[in-house]
Amino acid sequence: MSSKPRRILTAIFVLFLSGLSVLDHAGAFGHRGVDRDRYTDVEAVVTHAADGGTFDVDIPDGTREVTRIRQWGVECPEIAHGTSEADAWFVRNAAEYIRSQVVGQRVRLVLEPYRPSRDKYGRLLAYVYLVESAEMLNETLLDRGLAYADQRFEHVMKFSFEQREKRAAKTGVGLWKGITPDQMPEWRQRMDAEQAR
């Protein structure tokens, strides 16, 4: 093949790859590489709470009218998974707190600088600050005993969140009031058992 057709094919290939890259960064293939630019330090209004750890804000996300947020570093059981009596209390109270105190409020989103910005369900992972009070919602849930510190992943707030959980457990607030290890969610029992080894 002569050099002119080779240059034309190379140029077409480069344009094709550039087009794929643009589509990918726009979210067409699920890549959210621009999330940090788009969401960090952005304010939005919470429109709906799915449960204590997951809610929607009024920022369009691809074809959706809202962005679904999953709070980084805290674990609240989802409503469908609350089976034990302890979990049922936990699920109801965490979700009710979000619905009564956060839905309709302005929040500021901050993304974890060193980890992926989305979970496997496409939810945006964020530290969430209430604009009016400047308190971090992730911390408030831990302080009130409405969430566990999620120990599965490293993040910049991990140690702080674990310390907040320990203080809540020591004072017996929220889910820590009278709970025994066998009443904790199964995932937490497994994690505690692994750490004890």
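Colleague: How many bridges join strand 2 to strand 3, and do the two run parallel or antiparallel?

Modeller: Strands of a sheet pair through backbone hydrogen bonds, either parallel or antiparallel. Here strand 2 and strand 3 (residues 67–71) are antiparallel and joined by four bridges. Two strands count as paired if DSSP finds at least two bridges between them. Strands (E, at least two residues) and helices (H or I, at least four) are DSSP runs, numbered from the N terminus. Within this pairing, Thr-54 stands opposite Arg-70 in strand 3.

This is a predicted model, in which local features need pLDDT of at least 70 and side-chain atom pairs count only at pLDDT 80 or more, while totals for chains, interfaces and linings use all residues. Residues are numbered from 1 along each chain as its sequence is written, and side-chain values use heavy atoms, with hydrogens and water left out.

Colleague: In what order do the five strands close into a barrel?

Modeller: The order is 1-2-3-6-5, with mixed pairing.

Colleague: Which residues have the most contacts inside the largest nonpolar core?

Modeller: In soluble globular proteins, nonpolar side chains tend to be buried together. A nonpolar core is a set of buried Ala, Val, Leu, Ile, Met, Phe, Trp, Tyr and Cys residues joined through side-chain atoms within 4.5 Å. Buried means under 20% relative accessible area, exposed over 50%, and partly exposed in between (1.4 Å probe, protein chains only). In this model the largest core has 34 residues, and Phe-55, Val-57 and Leu-109 have the most contacts inside it. Strand 6 gives the most to this core, with six residues. Apart from it lies another core of eight residues, including Leu-175 and Met-191.

Colleague: How many aromatic pairs are there?

Modeller: A pair of aromatic rings is described by the distance of the centres and the angle of the planes. Rings of Phe, Tyr and Trp (its six-membered ring) pair if their centres lie within 6.5 Å; planes under 30 degrees apart are stacked, over 60 edge-to-face, and the rest tilted. The count here is three. One of them is Tyr-127 with Phe-161, edge-to-face at 6.2 Å centre to centre and 80° between the planes. Tyr-127 belongs to strand 6 (residues 124–130) and Phe-161 to helix 5 (residues 158–171), so this pair ties together parts 34 residues apart in sequence. Both Tyr-127 and Phe-161 are buried.

Colleague: What does the pair of Tyr-148 and Trp-176 look like?

Modeller: Tyr-148 and Trp-176 are edge-to-face, 5.4 Å centre to centre with 85° between the planes. Tyr-148 and Trp-176 are buried.
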